Amino acid sequence: MKKTLLVVILAFTAACATSSQDAVISIFPKVNSSNIGESIPLYISVEDSRSSGVIGTYGNSDQNENDQDIERSLEDSRSTNQSNQYNSGSQIYTSQDLARTIGVALVDSFSRMGFQITDKDSPSVVHLHVFLEELNYEVDSGTIKTDVETKSRVRVEAIDKGYNRTFSNSEQRAVPFSANADSNNSQLSNTLNTTIQRIIDDTDLINALKK
């Protein structure tokens, strides 16, 4: 009975490793309402400047071999919202517009802090320019557990205010047996959320915006 159970578990794990994951990433920074922004007009723009839409690989696949295939499939997945299958392994990407996801979180946060958010850039408005430079997933699979490391890096500029800083974060988790969609979503979300939280909590940034 034990041998049969082991075979079933291994078969299930192998089956899971043949399909790519369209990650669902949530960002909800914690912000206390205040008037620290003093109603200063603020325009926030966000760019996804990553070199690839592939976040990482789990299972026994060759990431480099399939990156281009997944890049071509991203546009299709945004319109169909269907899972794509890849014979050679499990890639992680997201059909979300991450720039928009980050932008919504930042707009809400700085609005709560008392800044006057505007959708028009002009010389009289402070421009906060944000670049998502990295969101990465790496896995080291073992028999008993899987070690997963996620990384994020975001660069923030307010050129007219002399501000330019990069915020990064990494998180390591040990997952029993193999990684799964829920644990991957949770870890990626937490890693990126922590990075965005550091931006919001940066007193140097707040002071620069108020110059």
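What you're looking at is a predicted model, in which local features need pLDDT of at least 70 and side-chain atom pairs count only at pLDDT 80 or more, while totals for chains, interfaces and linings use all residues. Residues are numbered from 1 along each chain as its sequence is written, and side-chain values use heavy atoms, with hydrogens and water left out.

First, the overall layout. The protein chain has five helices and eight strands, where helices (H or I, at least four residues) and strands (E, at least two) are DSSP runs numbered from the N terminus. Read from that end, the order is α-β-β-β-α-β-α-β-β-β-β-α-α. Of its 211 residues, 44% count as buried. Take contact to mean heavy atoms within 4.5 Å; then, among contacts with a separation of 6 or more, 74% come from residues 24 or more positions apart.

Five of the five residues of β3 are buried, so the strand is largely enclosed by the rest of the structure. Strands pair if DSSP finds at least two bridges between them, and β3 is joined by four bridges to β4 (residues 90-93), running antiparallel. Within that pairing, G56 has I92 as its bridge partner.

Now for β7 and β8. These two run antiparallel and are joined by 14 bridges, one of which pairs E157 with N164 in β8. They make a hairpin with four residues between the strands, and G162 in the turn has a positive phi of about 70°.

Most residues other than glycine have a negative phi. E38 has a positive phi of about 55°, and S39 one of about 60°; neither is a glycine. S39 is partly exposed, because its relative accessibility is 44%.

On to the interior. Nonpolar side chains in soluble globular proteins tend to be buried together. A nonpolar core here is a set of buried Ala, Val, Leu, Ile, Met, Phe, Trp, Tyr and Cys residues joined through side-chain atoms within 4.5 Å. The largest one has 42 residues, and L106, F110, L128, V156 and L209 touch the most other members. Follow L128 and, leaving aside neighbours within four places in sequence, you'll find contacts including L42, I44, F110, V156, L205 and L209.

Finally, the helices α3 and α4. They pack at an angle of about 35°, with their axes 11 Å apart; axes are lines fitted to C-alpha atoms over the stretch in contact, and angles run from 0 to 180 degrees between N-to-C directions. I102, L106 and S109 of α3 meet L192, I196, I199 and I200 of α4. Those residues divide into six nonpolar, one polar and no charged, with Ala, Val, Leu, Ile, Met, Phe, Trp, Tyr, Cys and Pro counted as nonpolar, Asp, Glu, Lys and Arg as charged, and the others, Gly among them, as polar. Also in α4 is N193, which counts as buried because its relative accessibility is 15%. Not counting residues up to four places away in sequence, N193 touches I27, F28 and P29.

Technical notes. Buried means under 20% relative accessible area, exposed over 50%, partly exposed in between (1.4 Å probe, protein chains only).
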